[in-house]
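Open the model in your viewer and switch to a cartoon view. Have the selection tool ready.

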Amino acid sequence: KAAAAVRSVTVLGATGSIGDSTMDLLRAAKDRYRVEALTANSNVAGLAKLAKEFGARYVAVADSSRLTELKDALAGTRTECGAGESAVVEAAARPADWVMAAVSGAAGLKPALAAVDRGATVALANKECLVCAGDFFMERASKAGACILPADSEHNALFQALASGNREELVRVVITASGGPFRTWSSTDIEQATLAQALKHPNWSMGQKITIDSASMMNKGLEVIEAACLFGLTADEIDVLVHPQSIIHGMVEFSDRSVVAQLGAPDMRTPIAHCLGWPDRIVGPAAKLDLAKIGQLTFETPDFARFPGLKLAYEALRTGRGATTVYNAANEVAVAAFIAGKIRFGAIARLVEATLEAWIRAGNLAPLTSADDAITVDHNARNKAVTLLPQIALKAS
Ligand code: NAD
Ligand code: MG
């Protein structure tokens, strides 16, 4: 058998939780991958360390004030350095066969699009960029001949299960949710939850923003919209099932009532390995699934009353015309405000709801015609959410 060709790869958000798992997989097979570019927001030390270890050709830090620091850290190496938003976009635009999009938030949209536009294979972890761009992300990918591989565990599961049938045979998809740290909490307790409590996820170790989104179940809301965009599904075709063990990640029901699921230990390196190897399979480092040891898999219906953020996602998806862009933008503002101690945990969903309502009331709903349109809506919705913050903060429930 001929030696497999070396694949060039770029990791956007290399210093984060998904970035870390991705670098782990690349480290285990260094002879098969060559690192083209790596990016980070502001962690210069972490980025420089990875650049040296992998001999990256280009590194970019989003914080433009850190260019000198980055250059100093990489003095004497052949790695080129860039800083600022445009440098992160350049990193994505550089020729690499495979790109991991793992920036956190809609800030990752422009770089992801730069990778998409040159027809790369893009492993997409950054769900906010998809929710922000709506249908335009996949449209642009298809125009450019880019291949989008879902790295989010639930969507990766659906991607694998969907291969068992075609669109006409599909009845619905199910994405599972661990339920997060507040799965059994009362509304009153959820309302008052602290940052430390929100950051204690039972099953997954992840970045701060997605961990808070998991506690509010906004993450599952984003994932419902993500599934709709990725696979061209309607709100009615997507169900959420609470499954505290996080072993089944996603299922697809077909017309003959066969339900095909993907299972695995809760370890992001499995879906990332699937994206990295695709269309083949590589060896993954996750623990072997031992169902006898786990003993029981349990399921619950999600509670829209205690987790209104999930209900709002369905509403935004049904409303369309930029509502999902607004949903994501308002949530990003709300999470930042919660981290900064400006609002209570329960106010996150209230801010999203108020922003969506104000948006609709102002007659701002209009069909988006491009990803750039979505970026404008995202920008305006953030401003709207910021102006609504003080009154939401005052309104105790
Ligand atoms: P993280 O906070 O650990 O890492 C984010 C990465 O993006 C870091 O490298 C950071 O430097 C970079 N970054 C942050 N803001 C940036 C900006 N404005 N411009 C450029 N770079 C920026 O987050 P994470 O947990 O790795 O999640 C990354 C994405 O993957 C998110 O969209 C998240 O929803 C998604 N995701 C994560 C997991 C998980 O297990 N962590 C699972 C599924 C999906
Ligand atoms: Mg997920």
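Predicted model: local features only at pLDDT ≥ 70, side-chain atom pairs only at ≥ 80, totals over all residues.

Stop 1: Select β8, β9, β10 and β11. These four strands form an open sheet, ordered β9-β8-β10-β11. Their pairing is mixed. In general, strands of a sheet pair through backbone hydrogen bonds, in a parallel or an antiparallel sense. Now look at the two edges: β9 (238-242) and β11 (259-263). Each has a single partner strand, so one side of each is left without a neighbour in the sheet. From one strand to the next, the twist averages 20°.

**Stop 2: one strand pair.** Zoom in on β10, residues 248-254, and β11. They run antiparallel and share five bridges. Which residue of β11 is the bridge partner of Met251? Click on Ala261 to see that partner.

Stop 3: Next, select helix α12, residues 218-231. Helix α12 lies across β8 and β9, and runs at about 150° to β9.

**Stop 4: the ligand.** Select ligand 1 and the 30 residues around it. Nearest are Gly13, Gly16, Asn41, Met206 and Gly207. Colour α1 (17-27), β2 (33-40), α6 (127-133) and α11 (208-216): each gives two or more residues to this shell. What is the shell made of? It holds 13 nonpolar, 13 polar and four charged residues. Finally, colour by domain. Domain 1 (7-150) and domain 2 (157-318) each supply at least three residues of the shell.

Definitions and conventions. Residues numbered from 1 in each chain as written. Chains lettered and ligands numbered in written order. Pairing = 2+ DSSP bridges. Axes fitted to C-alpha atoms, helices over the stretch in contact; angles between N-to-C directions. Contact = placed C-beta atoms within 7 Å. Near = placed C-beta within 6 Å. Nonpolar A, V, L, I, M, F, W, Y, C, P; charged D, E, K, R; others polar. Domains from an automatic or database assignment.
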